[in-house]
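Hi,

Here's the structure I promised to pass on. Have a look at it first, and then read my notes below.

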Amino acid sequence: MDKLSILWVDDEIDLLKPHIIFLKEKGYDVSTVNNGHDALEILKSKPFDIVFLDEQMPGLSGIETLAKVKGDFPNLPVVMITKNEEESIMEDAIGSNIADYLIKPVKPNQILLCLKKNLENKKLVSEKTTHMYQQEFRSIGMEISNRLNYDEWADIYKKITHWELKLGQSMDDGMNQVLKMQKDEANQVFCRYVERNYADWLSGKTEQRPVQSHNLIKEKVFPLLHDNKPLFVILIDNLRFDQWKVLQPILEDFFRVEREDIYYSILPTVTQYARNSLFSGLLPTEIQKKYPKYWVDEDEEGSKNNFENELLGELLRRYGHDVKYSYYKVLNQTYGKKLVELMPNLMINKLNFIVYNFVDMLSHARTEMEIIRELADDEKAYRSLTVSWFQHSPLFDILKFLGEKDVNLAITTDHGSIRVENPVKILGDRNTNTNLRYKTGRALKYEHQEAFEVRNPSDIFLPRGNVSSSYVFCRNDDFFAYPNNYNYYVNYYKDTFQHGGISMEEILVPFIVLKPKL
């Protein structure tokens, strides 16, 4: 590895000889000049990793030299060194985008710490993160092998997501692969856990069951209506927990996170089922029976979620919440901007639900559009694209508006998604649905050990298309593929983000309560 190179600019450079020797002994390549003009000349002749710059020099001052250095080399780290502790001098330097600020007399260890912080920070953080995950790897593995309950599975997913984000910033590709293997193992065990318990959760055979789509509003939203403040619930379609975690630092400029919960989406983990269930407080067959005009079957034309507002109104009435409420669904940028303008009018409502359909569109666009695939070619890039969109979206403007008001706020979703990799062959007739993560229909043919099958849909409160219909769900990162034109199908959909099946990413989704900092 090449030595890291330092340019030290000081009109009393001869007095700093012990510091220069110290740094050279530590393996740094140090060049010195005693004025700003020479500094600018040498910077043009050879590359440097960092500049130490004296603030008080005759002729071209440190601040003036700094301005010229930043003009020519905007990304070059510059550390300002000064005897002057006046606040205005510090503000001038910091405003000029310095990397650090040291007060004379500086000690060798101060300089060394400054260098490590600015030049070796990523490497040191990467090494520390890798070491810490290695220590926790065994602990997580032992937890996965235990018989975990629904809360403990949520904690495992939070831990794995934490390390996924931390190691995503490191340079250790090998450790990222180890984490991926551990996540795959966790997902396999989680899928079996859901299969064993899912029907009992829905039927009420056990009192030990998680909050799911159909009781989310009752359990999590209604308690937030306790005071006189307006409550805003923003449902970002298809928002995974890891995507929430990368949005969190942005929102913490305006809000405090009061509570960070995970709830369980119902199956299939798609909008038609999970979100209708969420707004109605009912399971799919219960909606179909109680409100047939609001339920659209798989084989019917048109949107399957046109009646969320009506279902929410019925839910509020059933539980005796006679409150003024609003419901808005944002499907495009233009309507999002219009809603920003309407926000002041919503402050008179006790409850405001906003469905924001971006992340779902992003996952579909990534499948259909080559340029989006290239921009988000892995999990880390997919999260980064989510952040980039959010920071330039009307939703961010909506949240900034709410951050200045005395309101209650919750952010949640209906289901998540998973990056699929492993094709599973299936055959069905022409009436079989098109989703890649679950299938429903009659005479479905597949290897039974490769999917979770529900032969009697009423066991998990799902409607039958006909008397012999069943449901099958993919596990972990599998996806269904038809044998005809198999290779084209697999190549097109492999590594795309899909939902509808069983995985931690699809089922374990966030419900976040925030308070404006005001």
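Before the helices, a quick word on angles: each axis is a line fitted to C-alpha atoms, for helices over the stretch in contact, and angles run from 0 to 180 degrees between N-to-C directions. Also keep in mind that this is a predicted model.

Let's start with α7 (residues 150-168) and α8 (residues 173-203). Their axes lie 11 Å apart, and the two helices pack at an angle of about 160°. Since angles over 145 degrees count as roughly antiparallel, that makes α7 roughly antiparallel to α8. The crossing of α7 past α8 is left-handed. On the α7 side, the contact includes Trp-153, Ile-160 and Trp-163, while α8 brings in Leu-179, Val-189 and Phe-190, among others. Sorted by class, this contact has 11 nonpolar residues, plus 2 polar and 2 charged ones.

Next up is α11 (residues 271-280) with α13 (residues 308-318). Here the axes come within 7 Å and cross at roughly 35°. Among the residues touching are Arg-275, Leu-278 and Phe-279 of α11, and Glu-308, Leu-311 and Leu-315 of α13. The class count for this pair is 5 nonpolar, 2 polar and 3 charged.

Last one: α2 (residues 36-45). Which of its residues are buried? They are Gly-36, Ala-39, Leu-40, Ile-42 and Leu-43. The elements covering them include the strands β1 (5-9), β2 (29-33) and β3 (50-54), along with helix α3 (62-72). Check out the N-terminal end of α2 too: Asn-35 caps it, with a side-chain oxygen 3.1 Å from the backbone nitrogen of His-37.

Cheers

Note on methods: Residues numbered from 1 in each chain as written. Predicted model: local features only at pLDDT ≥ 70, side-chain atom pairs only at ≥ 80, totals over all residues. Heavy atoms only, no water. Helix = DSSP H or I, 4+ residues; strand = E, 2+ residues; numbered from the N terminus. Parallel < 35°, antiparallel > 145°, perpendicular 65-115°, else oblique. Left-handed = near helix turned anticlockwise from the far one by under 90°. Contact = heavy atoms within 4.5 Å. Nonpolar A, V, L, I, M, F, W, Y, C, P; charged D, E, K, R; others polar. Buried < 20%, exposed > 50% of the residue type's maximum accessible area, 1.4 Å probe, protein only. Polar contact = N/O pair within 3.5 Å; in protein donor to acceptor, adjacent residues only side chain to side chain.
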